[in-house]
Amino acid sequence: MALVVQKYGGSSVANAERVKRVAERVVQAKRAGHDVVVVVSAMGDTTDDLLDQASQITPDPPGRELDMLLTAGERISMALLAIAISVHGYQARSFTGSQAGVITTSSHGKARIIDVTPGRLRSALDEGSIVIVAGFQGVSQDTKDITTLGRGGSDTTAVAVAAALHADVCEIYTDVDGVFTADPRIVPNARRLDTVTYEEMLELAACGAKVLMLRCVEYARRYNIPVHVRSSYSQLPGTTVSGSMEDLTVEQAIISGVAHDRSEGKITVYGVPDRPGEAAQLFRVLADAEINIDMIVQNVSTSATKLADISFTLPKSDGPTALAALEKVKNTVGFTDVVFDQHIGKVSLVGAGMRSHPGVSAKFFGALADAGVNLELISTSEIRISVVCRDADVDLAVRAVHDAFELGSDVEAVVYGGTGR
């Protein structure tokens with residue numbers, strides 16, 4: 001008998017019929033003799049609908065009340081699933097994030113999990129119940145207010161609960177059959193990967209692969225929780241995320257996949273004095289505004305002007321906040337102008353094998369050049385190459401790189417729910 005944590009995304013519980021289908025899968029695991037904890041997202045587009053309702057009242061709702069509003073979505077899902085499971089003759093008990101002991105920071109809309117104290121969950125499991133937890137939410141350690149974890153937070157909830165309960169596996173059920181070499185909506189012949197290391201999945205998630213969220217993978221690696229990505233619409237084996245690059249054998253693929261991200265924007269700060277400490281001032285004020293920076297490029301100043309330009313990428317939603325923060329230090333730093341560009345996209349090639357195989361960069365940039373894609377920024381790590389291009393060129397770039405590295409399959413990938421989550 002194992003302790004299994006299952007997480008179901010919004011498309012998997014989008015309506016009553018799908019909730020009943022999920023209940024059948026949960027009951028199947030219980031009948032097999034396992035203890036089962038289920039983490040659920042809000043149904044379908046519920047979160048977006050709630051956000052839309054709030055925006056009709058004010059474009060800037062208070063963070064505390066917005067979190068209170070948004071957490072209602074998962075509460076609906078968890079209660080309906082508990083009801084559906086009871087129809088099969090099994091007892092299910094649902095818990096909100098705070099009831100489940102998910103303790104977070106106090107940053108509304110993007111809180112981070114500090115700890116999980118699963119006493120009530122453990123008691124319910126010991127009594128033979130199937131436990132259902134509302135994903136995406138917790139309670140602030142400091143203020144005791146309800147908080148949300150940001151988009152994809154249910155994945156993080158699932159892995160954090162799995163770690164706290166010492167679960168044997170965390171199963172993430174979505175509307176695709178696992179982790180693919182590219183987004184199946186852009187590359188129909190993308191190939192499903194049987195296994196991916198934590199490091200590769202971290203890079204893929206950070207680069208825009210939406211099947212797993214970055215913080216979820218970070219948590220899984222930290223606590224060594226195997227994550228099994230599967231579809232709630234099929235019985236296919238899915239993808240297992242576990243192990244490290246040191247465990248790889250020479251037979252395994254050089255490249256794992258191509259990821260893309262259209263959610264970022266680019267800010268360029270012009271005319272920054274080229275002397276020690278100026279860049280530090282810029283990024284310190286952004287850090288104080290709790291803005292996450294991704295790629296950073298600084299050009300070399302000319303000897304005549306002693307001025308440089310610094311470009312960096314960040315979430316589009318943080319663009320206005322970042323501009324406001326930078327304007328406050330414009331006179332202190334002495335830069336001449338700052339521009340925000342929302343029409344960019346990021347394309348990344350990820351693979352643990354590239355660190356020991358020469359020629360990967362040449363093939364990558366050659367494929368983009370042949371496709372006529374102009375590059376604006378370039379960033380690399382040991383197992384990743386990322387570039388920024390125009391958002392209109394993203395699909396073309398993804399397909400060109402995917403074809404160049406022959407990552408495709410003879411079988412067309414299926415996106416059952418249409419969202420990739």
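How much space lies in the second largest cavity? About 30 Å³ lies there; a cavity is a set of points on a 1 Å grid over the protein atoms alone where a 1.4 Å probe fits but cannot get out, and its volume is the space filled by probe spheres set on the points, which are joined across faces, edges and corners. The model is predicted, so local features need pLDDT of at least 70 and side-chain atom pairs count only at pLDDT 80 or more, while totals for chains, interfaces and linings use all residues. Residues are numbered from 1 along each chain as its sequence is written, and side-chain values use heavy atoms, without hydrogens and water.

Ser12, Arg18, Arg21, Val22, Ser232 and Tyr233 line this second largest cavity, where lining residues have an atom within 4 Å of a point. The largest cavity holds about 250 Å³. Its lining has 17 residues, with Ala182, Asp183, Pro184, Ala209 and Lys210 nearest the centre. Strand 13 (residues 257-261) gives the most to that lining, three residues; strands are DSSP runs of E of at least two residues, and helices are runs of H or I of at least four, both numbered from the N terminus.

How values were computed. On a 1 Å grid over the protein atoms alone, a cavity is a set of points where a 1.4 Å probe fits but cannot get out, and a pocket is an open set with protein on both sides within 12 Å along at least five of seven lines; lining residues have an atom within 4 Å of a point.
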